[in-house]
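Reader: Hi! Could you walk me through this one?
Author: Happy to, let's look at it together.

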Amino acid sequence: MNDAIQKGSETEGPNTGFLFNDQGTWKPSQKKLFKQLPATVTFGAKQVNTIRKVLQGRAVKKEPLRLVGNEAKVVFSFGDQPQVMEKELLVWRKKGQI
């Protein structure tokens with residue numbers, strides 16, 4: 001039975017396409033004088049194993065995984081070429097909100 005569950009999770013992947021991570025941060029790429037520093041995504045050590053498992057399962061389906069936290073939203077998508085797309089988040093607030 002365990003073999004069937006393992007094989008099913010490897011071939012079908014999880015349906016989870018969204019995870020909340022309150023310790024996730026995003027640092028955009030930076031241009032320095034003579035080099036380009038890459039963008040950096042950071043997670044808490046306790047969350048990495050869960051994110052890894054879900055991300056592997058989403059890769060089987062070629063479906064994105066969205067990680068949303070207090071400071072950042074990161075979407076892992078699967079394609080033919082590796083790339084990083086950075087977008088600023090625009091936040092609208094109602095009058096009177098801080």
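Reader: Let's start with Trp 26: how exposed is it?
Author: Trp 26 is partly exposed, as its relative accessible area is 31%. Partly exposed sits between buried (under 20%) and exposed (over 50%), using a 1.4 Å probe and protein chains only. This is a predicted model, where local features need pLDDT of at least 70, side-chain atom pairs count only at pLDDT 80 or more, and totals for chains, interfaces and linings use all residues. Residues are numbered from 1 along each chain as its sequence is written, and side-chain values use heavy atoms, leaving out hydrogens and water.

Reader: Thanks! Which strand does Trp 26 lie in?
Author: Strand β2, residues 25-27. Strands are DSSP runs of E, at least two residues, numbered from the N terminus.

Reader: Switching topic: where is Phe 76?
Author: Phe 76 belongs to strand β7, residues 73-76. Phe 76 is partly exposed, with a relative accessible area of 26%.

Reader: How do β6 and β7 run?
Author: Antiparallel, with four bridges joining β6 (residues 65-68) to β7. They form a hairpin with four residues between them. Two strands pair if DSSP finds at least two bridges between them.

Reader: Which residue in β7 is opposite Leu 67?
Author: That's Val 74.
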